[in-house]
Amino acid sequence: MKRWRRLLLLLSILLIGLSWWGIVAARNGLVVRSLERDVPLLYLAPQQATAAPGVLIAHGYAGSKQLMLGYAHVLARAGYATMLWDFDGHGANSHRLQRFELQQNLNVALNALLEQPEVDSTRLALLGHSMGSGIVMNAGIEQVDLFDAAIAVSPTGASVTPQAPRNLQLQAGSWEGRFIANAERLLTASGGTNDNFAAGTARELVIVPNAEHITILFNDVSHQAALRWLNATFNQSSTSNYRDRRMAWYGLHLLGWLLLLTAVASSLVPRQPHFKKVPASRRWSGLLLAPLIAAGSVTLLNQGGIELAGLGGVQVGGAVSLWFFVAGITWLALLARLPRPTLRTAKWGLILFALLWIAFGAMAQVVWLQWWLIPTRLQIWLPLAVACLPWFLASGIAQQETSTNARFGWWFAQSVILIGGFLLTLNFLPQLGFMFLLLPLFPPLIAVLSLVVAFVKEAWISALASALFFGWILAAGFPLSS
């Protein structure tokens with residue numbers, strides 16, 4: 001191994017080790033308990049705490065308890081006992097999504113919170129994001145004497161009044177136009193801004209700067225606003241210098257693994273002996289036309305009576321994989337070239353997938369995503385991955401034997417065209433609106449997978465690894481359909 005590769009390998013190991021130290025340090029001083037009460041639960045509280053106010057923290061659609069951990073860490077560091085859970089159909093919860101059951105999920109989490117020895121059962125509050133915001137506001141309305149405060153982040157809707165829920169804080173990101181409008185309507189319906197915490201009628205709207213629907217969950221302004229509101233509700237002066245930096249550690253972890261892959265990929269993965277480059281006209285025409293044909297095809301299928309929203313047993317994710325399948329087949333047809341797969345390419349494709357799985361998911365499990373697939377999700381993973389394979393195979397063929405500068409162009413073009421193709425699809429199929437959750441992920445995901453193509457230089461290896469990896473993300477991220 002060349003000297004620069006050895007140095008890169010050493011740097012990658014240091015970064016990976018440092019990132020795990022940061023994640024472990026974030027839990028120091030906290031009680032962390034994983035519980036199972038028909039729904040998966042996660043409890044965080046200060047060590048040696050007694051009579052701590054309890055806070056139920058609810059995630060949004062296509063979220064999980066891990067996605068809300070930033071609030072739990074900040075509040076637990078400031079003296080609060082917090083309970084998070086996976087709603088039906090989400091994360092590690094194997095029950096299919098039934099919206100009328102979600103309120104019951106909250107009640108299960110409430111009972112589990114009250115069982116914890118650190119919790120003061122007379123001081124309780126609620127916090128929820130998006131779909132979860134509506135559920136916690138409804139709980140605060142229906143049990144107005146039980147919950148002292150409710151915090152709705154990126155709020156949806158609820159029948160709020162000037163008296164219920166008690167002490168309502170509304171938050172929305174400055175880039176969330178629709179949710180800001182929802183929050184303003186809720187603020188008006190609940191009596192407008194005031195700070196009468198003693199009467200339980202305090203109301204506030206916080207606009208979190210430079211935040212959208214997902215990034216608001218990792219924003220210090222949002223975390224500290226929630227802490228300030230709960231301190232005012234419970235007349236506490238608890239403060240904490242803790243700022244949630246776990247996503248930064250996660251990014252460092254991912255960078256370390258990418259550097260490791262850079263150091264070892266070319267020496268481990270054998271290069272394809274010969275490949276005749278596809279003419280640029282066929283490569284680019286396929287990339288441009290495939291999303292148009294995919295958008296038209298799924299629209300026609302929907303008009304033909306096929307229910308796309310829950311296709312394949314997973315909300316929206318099945319439709320996304322179908323879109324990639326049609327687009328990939330179209331692009332492959334226009335490329336008019338298909339290298340022959342071998343057992344060797346299958347072996348290396350699986351090895352590369354395992355590396356990607358660890359790099360992206362090992363830390364995600366404890367930071368922001370339920371990465372370990374429960375059996376129900378594991379069953380849908382391979383069909384989703386197979387459907388995505390044609391697109392990633394076409395992408396790998398198109399990028400073979402191209403320069404570094406050209407690969408940057410392919411990353412940018414694929415990101416823009418995929419986002420445009422999905423926006424076009426949503427124009428005709430608004431019921432798939434939660435495809436929007438994927439759009440911010442396309443640029444970084446395509447960047448990572450383009451690096452894989454560059455390292456491996458063999459289309460089938462990179463395609464197998466990329467399709468298995470992307471299918472895993474779809475199976476992990478979207479709710480199980482009823």
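In what follows, Lys and Arg count as positive and Asp and Glu as negative, while His and the chain ends are left out of the count. On that basis the chain, which is a predicted model, carries 32 positive and 21 negative side chains, and the centres of these two sets lie 21 Å apart. The chain contains 14 helices and eight strands. Its radius of gyration is 24 Å, close to the 23 Å that the globule rule gives for 482 residues, so the chain is as compact as a globular protein of that length.

**Overall build**

- Taken along the principal axes, the box filled by the C-alpha atoms of the chain comes to roughly 75 × 55 × 40 Å.
- Of the 482 residues in the chain, 59% are buried, and the chain exposes about 19100 Å², of which carbon and sulfur atoms supply 63%.
- Among the contacts in the chain with a separation of 6 or more, 77% are made by residues 24 or more positions apart.

- Strand β2, which covers residues 40-46, is mostly covered, as seven of its seven residues are buried.
- In a regular strand the side chains alternate between the two faces of the sheet.
- In β2 both faces are covered, with Pro40, Leu42, Leu44 and Pro46 buried on one side and Leu41, Tyr43 and Ala45 buried on the other.
- Strand β1 (residues 30-36) pairs with β2 in the antiparallel sense over seven bridges, and within this pairing Val31 stands opposite Ala45 of β2.
- The hairpin of β1 and β2 has three residues between the strands, and there Asp38 takes a positive phi near 80°.
- Strand β4 (residues 81-85) also pairs with β2, in the antiparallel sense and over four bridges; Leu41 has Trp85 of β4 as its bridge partner, and Leu42 stands opposite Leu84 of β4.

- Strand β3 (residues 52-58) pairs with β4 in the parallel sense over four bridges, and the bridge partner of Val55 in β4 is Thr82.

- Leu106 is placed in helix α3 and counts as buried, at 0% relative accessibility.
- When neighbours within four places in sequence are left aside, Leu106 is in contact with Leu56, Trp85, Leu126, Ile135, Val136 and Ala139.

**Backbone features in loops**

- Most residues other than glycine have a negative phi, and most peptide bonds are trans.
- Ala164 and Pro165 are joined by a cis peptide bond, with omega about -5°, and Pro165 is placed in the loop between β6 (149-153) and β7 (168-173).
- Asn210 is not a glycine, yet it has a positive phi of about 55°; this residue is placed in the loop between β8 (203-208) and α6 (220-234), where Asn210 is exposed with a relative accessible area of 54%.
- Asn235 likewise has a positive phi of about 55° although it is not a glycine; Asn235 lies in the loop between α6 and α7 (246-268) and counts as exposed at 71% relative accessibility.

Notes:
Residues numbered from 1 in each chain as written. Predicted model: local features only at pLDDT ≥ 70, side-chain atom pairs only at ≥ 80, totals over all residues. Heavy atoms only, no water. Helix = DSSP H or I, 4+ residues; strand = E, 2+ residues; numbered from the N terminus. Rg over C-alpha atoms; globule rule 2.2 N^0.38 Å. Buried < 20%, exposed > 50% of the residue type's maximum accessible area, 1.4 Å probe, protein only. Contact = heavy atoms within 4.5 Å. Areas by Shrake-Rupley, 256 points an atom, 1.4 Å probe, with all protein chains shown as cover. Charge placed at Lys NZ, Arg CZ, Asp CG, Glu CD. Pairing = 2+ DSSP bridges.
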